[in-house]
Structures are given as structure tokens and as C-alpha cells.
Amino acid sequence: MANKIHDYIIVGAGSAGCVLANRLSENGKYTVCILEAGPVDKTPFASIPAAFGYFMFSKKYNWSYNAKPEPSIRNGAPIFVPRGKMLGGSSSTNAMLYIRGQKQDYDHWQNLGNEGWSYDDMLPYFKKSETNTRGESQYHGGNGPLHVSDGNINFPLNKIFLNASEEAGYNITDDFNNGSQEGAGYYQCTIKDGKRCSAAKAYLIPTLERKNVTVIVEALTTKVLLENKNAIGIEYVKRGKHYTIKANKEVIISSGAINSPQLLMLSGIGDKQHLQQHDIHCIHHLPGVGKNLQEHVDACVLVKSKKRDGLSTSVRGLLRMLPETIKYFTKKQGKLSNTITEAGAFLKSN
Ligand SMILES: Cc1cc2nc3c(=O)[nH]c(=O)nc-3n(C[C@H](O)[C@H](O)[C@H](O)COP(=O)(O)OP(=O)(O)OC[C@H]3O[C@@H](n4cnc5c(N)ncnc54)[C@H](O)[C@@H]3O)c2cc1C
């Protein structure tokens, strides 16, 4: 296939890639091509906030990785590692909780020598990106592409959880993003008018009207092309056919925390010894690639209850959701219009 040339090539249309495609194409000076391995986000489940659990079991919209088993965890059973695979990436499949990092973490990055990454440096960009239904304030934006809202609280257990947190002496907060996360409270979510506001909806879809943006879906990038250790293009596969695209300026890899280092390694950038084990010619020996991933653990605790005010996937439980489904599709309200993770806490623990 003949080479196409763009100024910027972005690999992965997830949270990061969608923002980059929007911002790099904004002034109209540069052509931007963004490639996504997954499909478009047209499934209705990508809009219904409470449907996020659906993607956990989807082979089409989830990379569905398993971490290497650890004998000390779950007796060595595989640990499921979900990752979104469609326009919007994990922002189209996640729980939508709007949580920035803790202030001290950004300041730590800056202290490590990363100029421009302190909390005070980041805050204007958080604000710029956000339209919060509570309005503009010291910590929140009122005019950005990403919509953040307070959901209706549907499950009484959350109120009980917050009362218990208070009783136990923990701080109760009404904003996890005001510079200090500590405490328990209800989450704000990236939801607009009862629909998920993914990075694709917020940033990428609006760029489709721009002539300088090309979006290629169901296209798996397999290699970054290097010339004298400079990235000059990529190779990708779509429906069994192989293609090459060249970049005038930059190749940006925003394929997520797992696939980004994988793509670098497939391209010959990584630990030489490790690449040799897989018969990959090492072009640039960079031992840190693919190492030191840190991920939070999600341990689900399911409890049987005689009360009928929680969520259930039993036939009866689903039938009880029927009025809610009608309410959602007619008014974008009710139990389907918010995440199912309504409250939470950030606590110091020993
Ligand atoms: C189940 C789950 C729940 C979460 N809940 C929350 C939450 O409530 N709040 C929150 O703030 N964060 C949450 N997160 C985390 C958040 O979604 C991620 O941190 C964020 O989306 C990562 O953005 P990213 O751009 O790095 O990667 P992604 O958004 O995952 O995007 C990477 C994209 O690259 C594509 N890709 C990968 N490899 C290739 C390739 N070779 N060629 C072409 N395309 C490729 C992928 O298909 C994907 O679309 C959750 C994540 C998961 C998985």
C-alpha cells in the first residue's frame, strides 16, 4: 500500500490520544492521523453510564489481559486486567469517576526533575479541560470539553457507607479534587446529561469536522519505523492488509500503559536481552521499557442481601430494572444514568 504522510501520527485513541488529536489539529497548521485498534464507540453501552460492567466481559471492546499469576495472590489464579479497546479507549469503558491525582504526587514528579508537572502547574490544565456542573471555581473549570457532574444517588448502601465513615472519625468531603483527596464522599463523574462523556466524545468526535484530522479504526499498529533511532512512521494492519504511514514531525504512542511499551519492544526499543529472547532485533537498548508498572488492585466483595435495593444480574433483578430502563431511555434519568460506584473514600492506612 502506498505511503501516506501526516505531520503527527498518534497510536491509540484513548484518553490521551483523543486529547492530543484535538489539540494538535486545533490551529489547522498540521495534519494529524490517529489510529485505533478497536472499533468506533457506537454501541449504546458506551453511552449508558451504569452499563460499564458490560465491557468487563466483552472480547470486542476489551483487551482482557491476565497478569502473570502470583502464588501469593488468589492462590496463583490469573488476575484479570481490563483495558478499553474502541474509540475513547478505557475512557469509554471505565467507571467515569472524576478523580485527579493527589497534589503531593504531582509535586513529587516535579521534585524528581520534571519541570512543569507540579500540582500548581497542572491545575490550569485540569480547569481548562473541564466543564463542571457546579460551575467554575478555584479548582474547577466551567468551559472545557470534558463534562463532569454530580449523579443522582440511587443505592441506599452509599449513604450507610458515608454515615459509617463519619462514625469511624473519617473526614467527609464533597469534593475529592480540591487539592486534598482525603476523606469519604460521593463521586463526581464524567457524565453529561445522563450519558458517558468519554475522551472520544469530549475531544475526538468534535475534530471530525476538521479536514486535517484522519481517524483510522480497527487498525492495529504493529511497529514504529525507525531511522537513525528517530521515529519516522508506523506500520499497521487492518482487515489482514498491511499499511505504512510516514510522519513529518512526530510519532506519538498513546496506546495505554500495557500496549505502549509492548509496541516499543516490538519496534526494537527495550531491554536487549529480553528482545533477543523473542527474536526481535534491538535497535535501542532501553532496559526500563515494560518495567515497573504500578496498578491499583480492585477487589470486589459481593454480599447477599434480603433487601431489594442493590444491583443484581439475576432474572428477577433484571426485571426489577425494567422501569429504570424505560426511565433512562425516555428521560436519561434513574439508576442507569449514573455510575454504579457512587461513593468512596481515600484514607490513610497503616
Ligand atoms: C475497568 C476500568 C475502570 C476504570 N475506572 C476509572 C475511573 O472511574 N476514573 C478514572 O479516572 N480512571 C479510571 N480508569 C483508568 C482510566 O480509564 C485510564 O487511566 C485511562 O483511560 C488511560 O488512558 P490512556 O490513553 O493511557 O489509555 P487508554 O484509554 O486505554 O487508550 C489506549 C488506546 O490505545 C489503543 N491501542 C492499544 N494498542 C494499540 C495498537 N497497537 N494500535 C492501535 N491502537 C492501540 C487501545 O485500544 C485504546 O483505545 C479505569 C480503567 C479501567 C480499565
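**Ground rules**

I count residues from 1 along each chain as its sequence is written, and my side-chain values use heavy atoms, with hydrogens and water left out. Since this is a predicted model, I kept local features only at pLDDT of at least 70 and side-chain atom pairs only at pLDDT 80 or more, while totals for chains, interfaces and linings use all residues.

**Entry 1: the six-strand sheet**

I looked up the strand order and found an open sheet of six strands, S11-S2-S1-S14-S13-S12, with mixed pairing. (Strands here are DSSP runs of E, at least two residues, and helices are runs of H or I, at least four residues, numbered from the N terminus; two strands pair if DSSP finds at least two bridges between them.) Strand S11 (213-216) and S12 each have a single partner strand, so one side of each edge strand is left without a neighbour in the sheet. I read an average twist of 40° from one strand to the next; axes are lines fitted to C-alpha atoms, for helices over the stretch in contact, and angles run from 0 to 180 degrees between N-to-C directions.

Next I went through the pairings. S12 and strand S13 (residues 230-238) run antiparallel over seven bridges, and Leu220 has Val237 in S13 as its bridge partner. On this sheet I also checked the helices. H1 touches strand S1 (4-11), strand S2 (32-35), S11 and strand S14 (241-253), and its direction makes about 170° with that of S2. H6 touches S1, S12 and S14, at about 50° to the direction of S12. Contact means heavy atoms within 4.5 Å.

S1 and S14 are parallel and joined by seven bridges; there I found Ile5 opposite Lys246 in S14. S13 and S14 are antiparallel, with six bridges, and Lys238 stands opposite Lys241 in S14. I then looked at the hairpin of S13 and S14: two residues lie between the strands, and Arg239 takes a positive phi near 45°.

**Entry 2: the three-strand sheet**

I found a second open sheet, S5-S6-S8, again with mixed pairing. Strand S5 (130-132) and strand S8 (188-189) are its edges; each has a single partner strand, so one side of each is left without a neighbour in the sheet. Strand S6 (residues 146-150) runs antiparallel to S8 and is joined to S8 by two bridges, with Ser149 partnered by Cys189. Helix H3 (residues 119-129) lies across S5 and S6, at about 65° to S5.

**Entry 3: the ligand**

Which residues come nearest to the ligand? Of the 29 around it, I noted Ser15, Ala16, Glu36, Ser90 and Leu97; a residue counts as near if one of its heavy atoms lies within 4 Å. By class the shell holds 13 nonpolar, 14 polar and two charged residues. Ala, Val, Leu, Ile, Met, Phe, Trp, Tyr, Cys and Pro count as nonpolar, Asp, Glu, Lys and Arg as charged, and the others, Gly among them, as polar.

I then listed polar atom pairs. A ligand oxygen atom is 2.6 Å from an N or O atom in the side chain of Glu36. A ligand oxygen atom is 3.3 Å from a polar backbone atom of Met86, and a ligand nitrogen atom is 2.8 Å from a polar backbone atom of Leu97. Alone, the ligand exposes 1000 Å², of which the protein buries 79% (Shrake-Rupley method, 1.4 Å probe). Helix H1 (15-25), strand S12 (220-227) and helix H6 (256-266) are the elements that give two or more residues to the shell.

Key: Polar contact = N/O pair within 3.5 Å; in protein donor to acceptor, adjacent residues only side chain to side chain.
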